[in-house]
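Please look over the sequence and the structure before reading on.

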Amino acid sequence: MSPSAATERLQKLLAGAGIGSRREVEQWIKAGRITVNGNVATLGQKVSGREKILVDGRPVPALRKTRPSPRVLVYHKPSGEVCTRSDPEGRPTVFDRLPPIQGSRWINVGRLDLATSGLLLLTTDGSLANALMHPSSEVEREYVCRIHGQVDADMLERLGRGVELEDGPARFDQVAVISLGENHSWLRVTLKEGRNREVRRIWESQGVQVSRLKRIRYGSLELPRHLRRGRFEELDPAVARALRASLGLAEAPM
């Protein structure tokens, strides 16, 4: 094998090993938190995985050794949990309920805010997490919304056409009415972005409030009807491999 074929970018290698998402690793490199053989790493640096790599002074396990296949969890997040590893306010986090793993860590695919429930994906595969979250992948997210305030046909047309938010234009790709009422309505919406509180902010731009929000689908993966809040189930390895392939990712190394 030629030297070039045996190397890849540091951020890609660490993400693929489940050390963090590629975006996280890139931020660590820029901050000077990663060293390779005693030297501060640079963004885009090529490595073989056999070097002495430290993150915040702590060694990264040998990256070219045989390791378990990447894992993917489907978690039914309850409202009231935060999507961070620890919370300064002492609130429960989604990571509190996850199974422990050795030599890797769970990476959440995007976030759901404190009051939002539903489907949250977690994986040990940083490359998969990055691909699922990256805007260029245009992965659909589907939500069920309970709206406080009057919803009419003109409003739905505007939401499909697009509205202006403080961080740029936004729109729902699809809006399906479940039921309409004078004060409360239920609707199902899809969009291909994951900006902070985007679904809530799109509705709020029309002078109405989201009183309940639940994500029921992320890409091809739906929240199983039998999966209770606070519970998780692991994807079959074949389904996880198919998910990687659908995003144009190569077979995960073993």
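## The chain as a whole

The model is predicted. The protein chain contains six helices and 17 strands. Its C-alpha trace spans about 65 × 40 × 35 Å along the principal axes. Of the 254 residues in the chain, 43% are buried. The accessible surface of the protein chain amounts to about 13700 Å², and carbon and sulfur atoms account for 47% of that area. When contacts between residues at least 6 apart in sequence are considered, 64% of them join residues at least 24 apart.

Strands of a sheet pair through backbone hydrogen bonds, in either a parallel or an antiparallel manner. Strand S2 (residues 34-36) and strand S5 are joined in the antiparallel sense over three bridges. Valine 36 has isoleucine 53, in S5, as its bridge partner.

## Salt bridges

How many salt bridges does the structure hold? The number is 19.

| Aspartate 125 | Arginine 244 | 2.3 Å |

Aspartate 125 and arginine 244 form a salt bridge with their closest N and O atoms 2.3 Å apart. Aspartate 125 belongs to the loop between strand S9 (117-123) and helix H3 (126-133), while arginine 244 belongs to helix H6 (residues 237-246), so this pair ties together parts that are 119 residues apart in sequence. Both aspartate 125 and arginine 244 are buried.

Because arginine 188 lies in strand S14 (residues 184-191) and glutamate 142 in strand S10 (residues 141-148), the pair ties together parts that are 46 residues apart in sequence. Arginine 188 is partly exposed, at a relative accessible area of 33%, whereas glutamate 142 is buried, at 12% relative accessibility.

Glutamate 198 has a relative accessibility of 2% and counts as buried.

## Cysteines

A disulfide is a covalent bond between the sulfur atoms of two cysteines. How many disulfides are counted in this model? The count is zero. The sulfur of cysteine 83 has its closest cysteine sulfur in cysteine 145, at 17 Å, which is too far for a bond. Cysteine 145 is likewise in no disulfide, the nearest cysteine sulfur being that of cysteine 83. Cysteine 83 is buried at 5% relative accessibility, and cysteine 145 is buried at 0%.

## Residues with positive phi

Most residues other than glycine have a negative phi. Aspartate 56 has a positive phi, near 55 degrees. Aspartate 56 is partly exposed, with a relative accessible area of 41%.

Arginine 197 also has a positive phi, near 50 degrees. Arginine 197 is located in the loop between strand S14 and helix H5 (198-204). At 34% relative accessibility, arginine 197 is partly exposed.

Serine 117 is part of strand S9. Is serine 117 buried or exposed? Serine 117 counts as buried, with a relative accessibility of 12%. Apart from neighbours within four places in sequence, serine 117 is in contact with Lys77, Pro78, Ser79, Leu112, Leu213, Lys214 and Arg215.

Conventions. Residues are numbered from 1 along each chain as its sequence is written. This is a predicted model: local features need pLDDT of at least 70, side-chain atom pairs count only at pLDDT 80 or more; totals for chains, interfaces and linings use all residues. Side-chain values use heavy atoms; hydrogens and water are left out. A salt bridge is a side-chain nitrogen of Lys or Arg within 4 Å of a carboxyl oxygen of Asp or Glu. Helices (H or I, at least four residues) and strands (E, at least two) are DSSP runs, numbered from the N terminus. Buried means under 20% relative accessible area, exposed over 50%, partly exposed in between (1.4 Å probe, protein chains only). Contact means heavy atoms within 4.5 Å. A disulfide is a pair of cysteine sulfur atoms within 2.5 Å. Two strands pair if DSSP finds at least two bridges between them. Accessible areas come from the Shrake-Rupley method with a 1.4 Å probe; for residues, only the protein chains shown count as cover.
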